[in-house]
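Visitor: I am new to this structure. Please show me how to read its features, step by step.

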Amino acid sequence: ARLFLMSDILFNSQQPGVKNAFRYRDAIERIAPDVFKCLGRHGNGNAGRITMNKLRNAVRSVLNAWNSWYVYNDIFLDQLEALFEGKPLPKTEDVEANDDKGNS
């Protein structure tokens, strides 16, 4: 539920007339790493395979939406996905190097 609540807030903060919308984005940027890490731990420890697949699909869906809305940069979104998956965080240089390879 927290995942979709954050996403709804981000979506609605982009609407015309929302004052100080950057504050919502900044606040979510601060809490998102903990939320994604917690979701990953919950899914890996207590969830069955089907539940984990649903959770993984929901996380990917939200990250794809945030990417299409240009709310956060790709590096931050990759870090959130890594936290969810329990993988080491990609280094900024590694991500930029991969981006350069993809653009060649």
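**Reading the aromatic rings**

Guide: Start with this group: Phe36, Trp66, Tyr72 and Phe76 make up one aromatic cluster. Keep in mind that the model is predicted.

Visitor: How many aromatic pairs does the structure hold?

Guide: There are four aromatic pairs. One of them joins Phe36 and Trp66.

Visitor: What describes a pair of aromatic rings?

Guide: Two values do: the distance of the centres and the angle of the planes. Now take the case here. For Phe36 and Trp66, the centres are 6.0 Å apart and the planes are at 65 degrees. Planes over 60 degrees apart count as edge-to-face, so the Phe36 and Trp66 pair is edge-to-face.

Visitor: Which helices hold Phe36 and Trp66?

Guide: Phe36 sits in helix H2, residues 21-46. Trp66 sits in helix H3, residues 49-68.

Visitor: Is Trp66 buried or exposed?

Guide: Under 20% relative accessible area counts as buried. Trp66 has 0%, so Trp66 is buried. Phe36 is buried too, with a relative accessible area of 0%.

Visitor: What is the geometry of the pair of Trp66 and Tyr72?

Guide: The ring centres of Trp66 and Tyr72 lie 5.8 Å apart. Their planes are at 70 degrees, so this pair is edge-to-face. Both Trp66 and Tyr72 are buried.

Visitor: Let us move on to Asp74. Where is Asp74 found?

Guide: Asp74 belongs to helix H4, residues 74-85. Its relative accessible area is 41%, which makes Asp74 partly exposed. Asp74 and Leu63 are 11 residues apart along the chain, and 9.6 Å separates their C-alpha atoms.

Visitor: Now the backbone angles. What is the phi of Asn20?

Guide: Asn20 has a positive phi of about 55 degrees, although Asn20 is not a glycine. Find Asn20 in the loop between helix H1 (2-13) and H2. Asn20 is partly exposed, at 43% relative accessible area.

Visitor: And Tyr70: where does Tyr70 lie, and is Tyr70 buried or exposed?

Guide: Tyr70 lies in the loop between H3 and H4. Exposed means over 50% relative accessible area. Tyr70 has 72%, so Tyr70 is exposed. Its phi is positive, at about 55 degrees, although Tyr70 is not a glycine.

Key:
Residues numbered from 1 in each chain as written. Predicted model: local features only at pLDDT ≥ 70, side-chain atom pairs only at ≥ 80, totals over all residues. Heavy atoms only, no water. Phe/Tyr/Trp six-rings, centres within 6.5 Å; stacked < 30°, edge-to-face > 60°. Helix = DSSP H or I, 4+ residues; strand = E, 2+ residues; numbered from the N terminus. Buried < 20%, exposed > 50% of the residue type's maximum accessible area, 1.4 Å probe, protein only.
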